[in-house]
Amino acid sequence: MHFFRLRLVAALLVGITLISVGSTYFDVLTHKHNLSTDLERRTKWYGASLQPQVEQQMTMAHPEAVPQLLQRLRLYPDQPGLAVYDTHGQLVAATGNVTPLRTISQNFLKRPLTEGKEIAAFVKFPPRGLLSLASDKRSAEPAGYGPVRLWYEYAIPLHNGQLTVGALVMVADADYIRQASVDVWRRSFLNIAAMVILVVVVTLLMVRWFLQEPVTRAAEWLRQLRQGKVHIGEAAKEFGYLVPIANEVTSLAEHLTKARAAAETEARLRDAAEHVWTAHRLAVHVREKLGNGKLYVVSNREPYMHVKQCSTVECVVPPSGLVTALEPVLQACDGTWIAHGSGSEDAAFVDEHDHLRVPPDDPRYTLRRVWLSEEEVSGHYEGFSNEGLWPLCHMAHTRPIFRVQDWEYYQQVNAKFAEVLVEEMRDTEHPVVFIQDYHFALLPRMVKNLRPDARVAIFWHIPWPNAEAFSICPWQAELLDGLLGADVIGFHIQSHCNNFLDTVDRTLEARTDWEQFSILRGGHTSLVKPFPISVAWDEHMTEQAENVHHGSLNGAGLKKDAEDSWNRLPDSDERLHSDLHRELGIEGKHLLVGVDRMDYTKGIVERLLAVEYLLDEHPWYLEKIVFAQIAAPSRTRVPSYIALKAQVEETVERINRKFEKSGWKPVILIERQCSHKEVTRYYKAADICLVTSLHDGMNLVSKEFLAARSDGDGVLILSRFAGAAQELRDALTVNPYDVRQVAEAIRTGLEMSPGERRLRIDRMRQQIKEHNVYRWAAMVLTDVCAVRIEGEVLADPGRHQHPVTA
Ligand SMILES: Nc1ncnc2c1ncn2[C@@H]1O[C@H](COP(=O)(O)OP(=O)(O)O[C@H]2O[C@H](CO)[C@@H](O)[C@H](O)[C@H]2O)[C@@H](O)[C@H]1O
Ligand SMILES: O=P(O)(O)OC[C@H](O)CO
């Protein structure tokens, strides 16, 4: 820093001095020029006014009268000295400062006397020759001549008709011009000195306040961070105005912290011979399985949408179970995610290949956006997918609608994605394609036809109904045939696999192997397997929770008693809990939470009716509970969704009207999409999380709730018709249609002892930790990478084994 300051001061000194000297130099030149021009003009004018009278005198051949004339003509002492010379260059008369006039050179007079033209010049007098004769050579004052001064000499010819009769010479003292320049330089020097001092002082102060101090503070913070003495979130104030750097450093620190945590976790897991999957383990595993290949994921919904909100463009993560599950997988494995670019501003954020790297603030993988027309969205997404297949696969008693035109768009969009996929994979050998969901039932076959060397898996995120229910789809055979193009077909649970095998059995010419759970059709085998999807597991939160719950050493080095810590939330969670309660105006009340897309399969209305039933039957809970339902707008142009929204709003209004009392209302409806962070606040602050789907492939809200409960508290009420119910045996399982049962479950949850809550949550969290989304992806990708492609030479025989047992 010291050297930096020295260099800065030196640079400022040189810079300011050069600029100031340059500008002064030009000032002096201008000033000198102006003064000289003025003197020239005045002298010439004076000469012109004298010339006729002197000429007359010379013409009359009275040279002896010329001195008197000159005396008369020179009225003031500051006027130029005057001299008249005859045609031989002999001085006839002189007045004023005669010394320089006497030494006018013959050369100077030559021009007016011989050529008849005027002449002017600035000269220094006494000249150098005289100076050198001075007795004291160091003196600037030659003996008898006074100091050297600047003079302006001007000579004009004197005429008698055509004849030159002499010359009139004027000598003006021009030394004031030289003096003025010296003055300007002196003033400028003082200015420069003052400016340099001021700028240097101000700069040094600024360096100290705005650079040295923040940098010192930031360096100290980084040192403490390295030593684990401070938290990442506390950085901003240390960095002051260097906030952009703070953000980058914070993100770097987060990465380092995560990497350190991951390394520690890996080491611990290895040490404990556990089999928990982490992002890092998945990344290593997938890289090994893919070899030279690459991963391509296809879904209708994209993980990041650029949308206009008010006047700004925001990049949002849509509320979708599929996105929640796949995003951490892609972040771990890299690859390309191909999806419909559905955000209003999406087109502005892609390159010429419709690519962008995401997540935007920490790019890890490529998103390829596919553009669909309004008609394609309406026919493929809203029509066939969400008015046809969605209600067909969910037992929620909404009638599926199948239109011929929607089916045509469904085929068209599947073909469009196949084309894009093939284009993306053109330079990749052995690509692995992982297709998502019911929007792309035809895609596996299309891809296999175009790229027989591709290994293809499809995961069906929603339930598969029984064969009879599925048979109402007019194009069931085409859909099944399309799906059977895949090498691996995944569902959440075994019963969905069974339903699928049964549907194929009854519909197509194919050999179904119920022992291997595979289907052979046209010489190609498809493996049909359950892969229960899950959420990412944040080891950080787990450690924090475990430290509190199991009485390990806390930050202060004190061993906490397990029972004592049981009823306590960690500080940050406690604060979060009370902040949210204060924000909602529900301090001291029990908070029940529901988080869903506004979808009729999620049982939102039934859940509201259960809350109403509870308050009717157990009025003791009046003013003691609040149910917050966060509902993200979903498929908002589909009629059944429009009707559901109206029904939910009406029901909330009716229940609130019925029970509201002195400012308290039993239901808060938040109809918008929240960030993951906001949703997590609700999960953490809730006493009970209500998941009452009428039918659900898996349901990730239940798992997110458990993952968020690092405090080890909270109760999960879970529909038995959600796939998650098969794994989460410690939830309070309910039939969502049975309003009384759901109400009773809420009551049980509210009355449950802290010990029982902890026991249940602990077991379910352990289940999710071990069966997280990294494990899900590892299972699917291991199976698809193990597929044998006809004619392919095995470069790595290990690739085709099934080593995953965890
Ligand atoms: N208001 C809101 N704001 C922000 N985020 C919100 C939100 N409401 C919901 N979300 C988020 O959206 C996701 C919903 O996931 P779900 O599994 O519950 O249902 P979804 O039907 O979308 O998924 C489909 O795919 C998943 C994954 O396979 C299956 O579990 C499921 O059964 C199937 O229907 C969750 O991550 C949740 O946090
Ligand atoms: O919002 P959608 O229509 O993409 O649905 C999201 C679901 O995760 C589909 O399974």
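Predicted model: local features only at pLDDT ≥ 70, side-chain atom pairs only at ≥ 80, totals over all residues.
1. The strands themselves, residues 305-309 for strand 7 and residues 312-316 for strand 8, pair in the antiparallel sense over 5 bridges. In this pairing, His306 stands opposite Cys315 of strand 8.

2. An open sheet is formed by 5 strands in the order 2-1-5-4-3, with antiparallel pairing. Its edges are strand 2 (91-95) and strand 3 (119-125), each of which pairs on one side only. On average, neighbouring strands of this sheet are turned by 20° against each other, direction ignored.

3. Strands 1 and 2. Strand 1, residues 81-85, pairs with strand 2 in the antiparallel sense over 4 bridges. Ala83 has Ala94, in strand 2, as its bridge partner.

4. Helix 1 on the sheet. Helix 1, spanning residues 2-59, packs on the sheet and touches strand 1, strand 3, strand 4 (149-160) and strand 5 (163-173). The direction of helix 1 makes about 35° with that of strand 4.

5. Helix 4. Residues 106-115 form helix 4, which lies across strand 1, strand 3, strand 4 and strand 5. Helix 4 runs at about 25° to strand 4.

Note on methods: Residues numbered from 1 in each chain as written. Chains lettered and ligands numbered in written order. Pairing = 2+ DSSP bridges. Helix = DSSP H or I, 4+ residues; strand = E, 2+ residues; numbered from the N terminus. Axes fitted to C-alpha atoms, helices over the stretch in contact; angles between N-to-C directions. Contact = placed C-beta atoms within 7 Å.
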